[in-house]
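Good morning, and thank you for coming. Please take a moment to look at the model before I describe it.

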Amino acid sequence: MTQLFTPAANSLMRSALGCIALLGVGTLSTMLIAARSPFMTGQDRIVEQPIPFSHQHHVGDAGIDCRYCHQGVEDSARAGVPSTQICMTCHRELWSQSDMLAPVRNSWQENRSLRWRRVHDLPDYVFFNHGIHIHKGIGCYSCHGDLSEMPLTMQARPLTMQWCLDCHRNPQQHVRPRALVFHSKPLKSLTSTNPFRDALSETKPEHLEAETSSAEIKLLQTQLAKKYKLKSRTDCYTCHR
Amino acid sequence: MSSEDRARTDLLPANASYESVSEQVSSIVLKKPTPRSWKFSFLIGLLMLQALLLGIGWLFAYGVGIWGINIPIGWGLAIVNFVWWIGIGHAGTLISAILLLLHQEWRTSINRIAEAMTLFAVACAGLFPLLHLGRPKLFYWLIPYPATTDMWPQFRSPLIWDFFAITTYATVSLIFWYLGMLPDLATMRDRAQSHFIARIYGVLALGWRNSARHWHHYQKLYLLLAGLATPLVVSVHTTVSWDFSVGIVSAWHSTVFPPYFVGGAIFSGFAMVLLITIPLRRVYDVKDLITETHLDKMAKIMLASGMTVSYGYLMDAYQAWYLNEPYDSYIYTNRFSGPYDYCYWALILCNCVIPQALWFPAVRRSTLFLFGISLCIQVGMWLERFIIITLSLHRDHLPSDWAMYYPTIWDWALLVGTGGLFLILMLLFLRLLPSISMSEMRELVHQKGGSNP
């Protein structure tokens with residue numbers, strides 16, 4: 001009887017087993033990496049809107065405060081999307097003939113709301129409250145990124161539960177003086193502003209010039225955490241009711 | 001001494017040789033035509049399997065609301081079936097691991113079948129907890145993996161212990177079964193009549209060449225695995241029983257659960273081995289390999305584990321009385337005089353009364369009686385799980401919550417369907433793989449000092 005297998009059979013079998021093992025490891029790690037990638041989390045995603053609204057222009061160039069349009073942000077769960085009326089307070093006069101703003105004027109004339117689309121969309125079983133975050137000194141920047149640099153609004157952070165918990169376990173790393181909560185820039189670029197200096201001198205009267213700015217930020221955040229009574233909130237019930 | 005010799009000869013045909021044993025077992029797969037009864041059973045199995053597919057499909061489309069479960073009976077037939085199937089698997093591990101370590105020679109001709117039965121029963125059992133999840137597509141949440149939610153399973157919950165117990169059980173059983181089959185797969189390779197079939201068994205045999213070194217490694221590993229599998233006989237069903245006894249439901253919160261679950265598992269497991277081997281002996285004519293002595297020994301184990309189970313029922317009742325706690329004693333009296341009393345008395349009849357017939361040697365050696373008793377035990381053990389789960393829930397501490405549980409057609413479809421899955425897997429195993437361990441039978445021939453080729 002002839003031989004059942006050629007001499008290559010052993011190597012073939014071993015490499016097949018190796019390939020299966022590699023395939024398994026590869027599939028698993030691909031899945032774990034993909035779940036964290038912007039492809040799955042939606043980070044950096046730009047949502048198409050009825051009008052190509054530019055935060056860069058309104059916040060960065062014009063310097064309009066967040067609360068002018070997002071009126072509920074300080075004391076309700078939702079920040080709120082501006083009504084057409086708010087747009088029209090300015091655009092009745094400015095760019096009143098612009099083609100780009102035709103949908104706003106139509107909405108105004110037909111008394112029908114513009115259908116803005118949510119960019120930072122949390123699952124429905126998450127109870128997120130803007131008011132308490134603002135009250136505790138967590139800046140818009142921490143979750144929404146630097147809106148003054150966004151010609152079109154995009155999702156700045158991954159919004160995974162891991163990401164939420166990173167801050168909820170140690171909220172101190174994101175706290176800033178209440179006076180700077182609505183500032184669109186990261187705290188480390190605000191160390192020379194008056195509100196920052198004021199807040200710092202309040203916490204540490206004999207302030208030394210020689211200290212580095214990162215040490216200053218750390219010191220200020222430690223003090224603010226005490227002052228605003230920040231606590232780590234990781235109970236399921238904090239976000240899931 | 002003389003009685004031991006007689007027992008040894010009882011396990012083998014009088015004129016058994018290495019060649020005759022190998023021929024008898026391998027010809028079932030390689031030479032004999034597929035029996036008509038095999039084809040008929042396969043058809044039945046396929047039909048039953050359709051019920052499983054339909055039941056799962058409907059479940060995925062409409063959710064667990066299609067079952068009879070309600071509040072307060074949140075665990076219905078799915079969990080009953082799960083515990084029942086997992087229990088059936090236990091005989092395989094007991095036969096292959098504990099009886100091996102105890103040098104019980106009579107295990108050699110039935111261990112392969114029992115191990116296969118274990119694997120297939122675990123496969124059937126494993127389906128149910130997954131189907132019972134409200135969202136089965138998220139089943140992987142049971143596995144601890146670095147999720148983007150930064151969440152891990154609740155390690156303090158018996159449900160996650162259960163997950164680990166069952167996956168460990170399935171893995172160890174599979175490795176044990178496959179490892180034990182290696183020398184036999186090589187025999188099949190050498191005896192195959194066509195080149196193609198020889199190559200298939202050749203690949204499965206992983207290059208087994210019967211060398212002394214192979215045997216040296218093999219026996220060491222086999223013993224090691226037997227040692228590893230031994231605690232599993234006790235641990236798996238203990239963990240399953242914790243699903244109940246760690247909870248605070250009155251009739252569940254009891255320390256007697258682990259031993260009495262394990263006893264019940266071995267009870268139903270041996271009944272299942274008998275249900276498989278009795279027709280097998282007849283159809284494939286292996287009465288001289290799986291002899292009446294084998295049946296007799298299995299029946300004795302069944303009798304012993306049956307007594308354990310009866311003791312469990314007795315202690316359950318005793319505790320309910322001794323605690324002198326109105327809720328506990330109500331749940332117990334509700335079992336034998338409540339709306340499901342017929343289930344309870346059927347259970348006592350099937351599990352405690354009928355198996356007493358096994359005290360008589362003539363019954364232990366009669367295939368007809370054994371088959372009937374084994375069937376009764378399967379029904380009884382299923383009823384036991386039904387009573388523990390449903391009857392403890394349906395009348396809880398708040399009478400306004402009381403409800404009855406009636407399984408719907410979809411509940412039954414899954415039970416029938418997993419029966420079909422089990423049947424199909426078992427039939428394929430009997431048709432395609434050596435169902436009796438040839439190498440161990442040859443060893444037995446050698447020890448008996450039978451005729452050498």
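I begin with the contact between the chains, to which chain B contributes nine residues and chain A 10 residues; two residues are in contact if their C-beta atoms, placed from the backbone, lie within 7 Å. On the side of chain B that touches chain A there are three nonpolar, four polar and two charged residues. Here Ala, Val, Leu, Ile, Met, Phe, Trp, Tyr, Cys and Pro count as nonpolar, Asp, Glu, Lys and Arg as charged, and the others, Gly among them, as polar.

A word on conventions. This is a predicted model, in which local features need pLDDT of at least 70 and side-chain atom pairs count only at pLDDT 80 or more, while totals for chains, interfaces and linings use all residues. Residues are numbered from 1 along each chain as its sequence is written, and chains are lettered from A and ligands numbered from 1 in the order in which they are written.

How confident is the predictor? The complex receives an ipTM of 0.79 and a pTM of 0.88. For chain B the mean pLDDT, the predictor's confidence in each residue from 0 to 100, is 90, and 97% of its residues reach 70 or more. Over residues 1–8 of chain B the pLDDT is below 50, and this stretch has three contacts in the model beyond near neighbours in sequence.

I turn now to helix packing; helices are DSSP runs (H or I, at least four residues), numbered from the N terminus. Helix 9 of chain B and helix 10 of chain B (residues 292–323) pack at an angle of about 150°, with their axes 8 Å apart. Axes are lines fitted to C-alpha atoms over the stretch in contact, and angles run from 0 to 180 degrees between N-to-C directions.

Ile113(B), Ala114(B) and Met117(B) of helix 5 meet Met272(B), Val273(B), Ile276(B) and Thr277(B) of helix 9.

Finally, which elements cover the buried residues of helix 16 of chain B? They include helix 2 (18–30) and helix 6 (158–191) of chain B.

Notes:
Helices (H or I, at least four residues) and strands (E, at least two) are DSSP runs, numbered from the N terminus.
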